[in-house]
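This report describes a predicted model.

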Amino acid sequence: MTVLRLTFATIIMALVVAVTGIGSAKADTVGYADAIKILSRDCGKDIERYCATATLANYGVGRCLKENQGKISGQCATSLVQVTQSIEARRAAQQSADQVCNRDIQRLCPMTKRGRGYTLQCLLKAQPSVSEKCNAAITNAGWR
Amino acid sequence: MTIARIAVPFAALLAGIATPAAAQNQLDRNQIIKSLYETGSTVAALDPAALQAAAERAAASGGDNAQGPLSDRINTLPQLSVEINFDRGSARIRPESYYSVGLIADALHTPYLMGQRIVVVGHTDATGGRELNLKLSKERAASVRDALVTTFNVPAAQLTSIGLGEEQLQDPAHPDSGVNRRVQLLNLGP
């Protein structure tokens with residue numbers, strides 16, 4: 001009976017994790033809105049208490065929470081790491097996408113006008129032929 | 001507290017929403033894209049700096065309340081109004097509005113809006129002095145732009161910000177109404 005209940009709990013847990021994307025490889029493709037929402041949800045009280053003047057610009061609120069990591073709640077500290085990683089992963093993907101996709105652009109979009117918007121449109125249309133790496137970079141950059 | 005409000009008929013038409021009241025809390029990335037997407041024919045010329053200067057003159061002209069809208073051309077542009085909460089009398093974005101700013105960032109990073117010139121326009125209601133309202137609206141619009149450009153990595157060249165204070169009310173019949181407090185996004189095209 002106990003074993004059964006445990007299994008059931010595990011399934012529920014797995015479902016929760018699958019639905020929310022917590023701890024999965026999906027974390028690095030989370031959009032900015034979904035990422036920052038976690039911070040206001042889990043750190044709202046700590047922001048009010050310790051970072052009442054910190055701004056969203058320059059990720060001031062994230063930096064302030066980090067400076068106060070000894071005082072903030074455990075949930076907020078965990079979420080802060082997750083959110084900071086998501087935002088950094090997205091920025092990194094945006095910065096490296098041009099380079100990662102360079103060969104695909106040469107191969108699939110030789111006649112396309114240069115400029116991120118144009119080549120991106122070309123790569124999105126050519127998606128089935130685009131390399132896995134480049135497709136992943138576009139997804140992680142939030143450019144779909 | 002509502003996070004989002006679509007305040008323009010243009011956006012309501014595109015999104016198939018009948019009234020602003022029905023649009024409460026429905027802001028999502030695709031809705032922002034639809035509202036700001038320009039098809040070429042919808043783009044009209046607008047000089048944000050000239051509009052800012054007109055607002056400064058109007059606010060300095062005295063009188064308690066603004067006379068009327070500064071620009072009718074604004075209404076012809078692809079646009080969206082978003083409710084963003086700030087600290088009282090300050091340009092600090094409140095945490096409950098982080099999500100809305102993040103959604104705007106996500107939308108601006110899509111190929112549909114990539115490379116478009118977007119103006120962030122701050123508005124207040126008519127409570128309080130005109131010049132103070134103008135100053136606050138400028139600071140708040142700049143605060144949204146700063147968050148988009150820094151934390152959310154939107155290319156700086158794509159975004160400008162202006163503040164019109166109470167000089168371009170959403171609901172001139174009710175100048176003190178909360179619907180006038182809004183952050184408006186305008187698409188000026190590529």
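## The sheet of chain B

Chain B holds an open sheet of 4 strands in the order β1-β4-β2-β3, and the pairing is mixed. Strands β1 (79-82) and β3 (159-163) of chain B each have a single partner strand and stand at the edges, so one side of each is left without a neighbour in the sheet. From one strand to the next, the twist averages 20°.

Strands of a sheet pair through backbone hydrogen bonds, in either a parallel or an antiparallel manner. For β1(B) and strand β4 (residues 182-187) of chain B, the sense is antiparallel, and the pair has 4 bridges. Within these two strands, B:Leu80 is placed opposite B:Leu185 of β4(B).

## The helix across the sheet

## The contact between chains A and B

Between the two chains, 26 residues of chain A are in contact with 24 residues of chain B. On the side of chain A that touches chain B, the elements giving two or more residues are α2 (32-50), α4 (74-100) and α6 (116-125) of chain A. Helix α2(A) supplies the largest share of that side, with 9 residues.

Sorted by class, the side of chain A that touches chain B comprises 13 nonpolar, 10 polar and 3 charged residues.

Methods:
Residues numbered from 1 in each chain as written. Chains lettered and ligands numbered in written order. Predicted model: local features only at pLDDT ≥ 70, side-chain atom pairs only at ≥ 80, totals over all residues. Pairing = 2+ DSSP bridges. Axes fitted to C-alpha atoms, helices over the stretch in contact; angles between N-to-C directions. Contact = placed C-beta atoms within 7 Å. Nonpolar A, V, L, I, M, F, W, Y, C, P; charged D, E, K, R; others polar.
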